[in-house]
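Hi,

Here is the structure I promised to pass on. Have a look first, and my notes follow below.

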Amino acid sequence: MSTTDRELRVGMVGYAFMGAAHSQAWRTVNRVYDLPARARMALICGRDTGKVADAADRLGWDAYTTDWRDLISRDDIDVVDVCTPGDSHAEIALAALAAGKHVLCEKPLANTVAEARAMTAAADTARAAGVRSMCGFNYRRVPAVTMMRQLVADGRLGVIRHVRATYLQDWIVDPQFPLVWRLQKDRAGSGALGDIGAHIIDLTQFVTGQRITGVSAVTETFVKERPLPAGSSGLAASVDGSGSVDGNAPATGPVTVDDAAVFVARLDGGALATYEASRFATGRKNALRVEINGSLGSVVFDLERLNELEFYDATRPSVEQGFSRILVTEGEHPYMSAWWPPGHIIGYEHSFTHQMRDFIEAVATGADPAPSFADALQVQLVLDAVTRSAEIGSSWTEVQPALAAVAV
Ligand SMILES: NC(=O)c1ccc[n+]([C@@H]2O[C@H](COP(=O)([O-])OP(=O)(O)OC[C@H]3O[C@@H](n4cnc5c(N)ncnc54)[C@H](O)[C@@H]3O)[C@@H](O)[C@H]2O)c1
């Protein structure tokens, strides 16, 4: 329980899937962790008055607005939390940073490398004035994932040889699932690649401490035309029958993003890696799995068993070797000291509470939170390399260096 009087007044844009997840975390974080500042859920923003008023009430925000520019112009907002689709990340984050607001922006950072570079440049300028920024790759904050990183950093895996990462979903297997914003390039930037592939790119680079230098990729759009949506939130949606041409079939539009992306990669520490991101993996709902093999051991994480880690220690006597299951719920494990007694497991939403904990801690102590916009730009550059490789018949494609971020 927080003992400080210092407040960080948060304004959040977007109130659907991530808006709800972030609200839960902002509500909870100071009740669980003793931090140098308290988050105040000051202002929530959405475009529909009735819906955002209802969201403010349901999710626990003091007030609401229908224009995100209100969050930026008000003196009584310290933090802007961006939970909108990717097509508005750059505009909102750039305006917030210019106004001196700390920014937490959902992943992927932007829809294009140019936008991500501009955001990184703005974040660098703002940092000089004490303004902090972070991108929301929340899976870093699953205790078992943070522990994986510690095992690698402590040398328990030796030299990393292989990284094997998959992130699989199946919510658009039905060709009648509507054309929601996630299936439109101008709104989402890319498809499975940027939505879920971005997570495993960040997670594996975070865990190994190595960066992807080059890729060879294939992408595919299995269903190229879909019915127009009536409404959507997160991964759920309904079809709009109003545009029906013959009174039966709903109007349709083209899918302009990938349904699946598969690529091999090289990491700068010498490891070989494979990545698969798909929304067509029938039966797989939100299946994120990462395996890392090193010269001294291996480690496996599976989001569907997020309190556990499988660890193979090749330095043990051969007769005792085998994968052991570590239950990552001890007080000594990352983030766990504030939660429940050992064995009393945590879930998906806790990763967001941990994200807010780290963000508040950094802002209040004048430190830089991670992943920074520069880290997220590097992920964007990998997404870009994958897209370019797929466009030229899977030819080997180097990840562009981040270089100096140039404002556009
Ligand atoms: N970290 C994660 O695990 C994770 C999971 C899902 C989504 N995301 C990311 O979060 C972001 C949002 O995704 P989502 O699933 O919450 O989408 P969503 O469709 O459920 O919600 C988007 C929200 O943004 C609002 N919105 C859109 N444009 C707006 C504008 N101009 N002004 C004000 N509000 C606006 C919508 O009304 C809605 O409330 C995306 O960048 C997505 O990639 C991250």
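Predicted model: local features only at pLDDT ≥ 70, side-chain atom pairs only at ≥ 80, totals over all residues.

To start with a question: does tyrosine 335 count as buried or exposed? Tyrosine 335 is buried, at 12% relative accessibility (buried means under 20% relative accessible area, exposed over 50%, partly exposed in between, with a 1.4 Å probe and protein chains only).

Residues are numbered from 1 along each chain as its sequence is written, and side-chain values use heavy atoms, with hydrogens and water left out.

Back to the backbone. Most residues other than glycine have a negative phi, and most peptide bonds are trans.

Tyrosine 335 is not a glycine, yet has a positive phi of about 70 degrees. You'll find tyrosine 335 in the loop between strand 18 (324-327) and helix 9. (Helices are DSSP runs of H or I with at least four residues, strands are runs of E with at least two, and both are numbered from the N terminus.)

Serine 394, also not a glycine, has a positive phi of about 70 degrees too. Serine 394 sits in the loop between helix 10 and strand 19 (397-398) and is partly exposed, at 23% relative accessible area.

Then there are the cis peptide bonds. One runs from lysine 107 to proline 108, with omega near -20 degrees; proline 108 is in the loop between strand 5 (102-106) and helix 5 (113-128). Another joins alanine 370 and proline 371, with omega about 5 degrees, and proline 371 lies in the loop between helix 9 (350-365) and helix 10 (373-391).

Cheers
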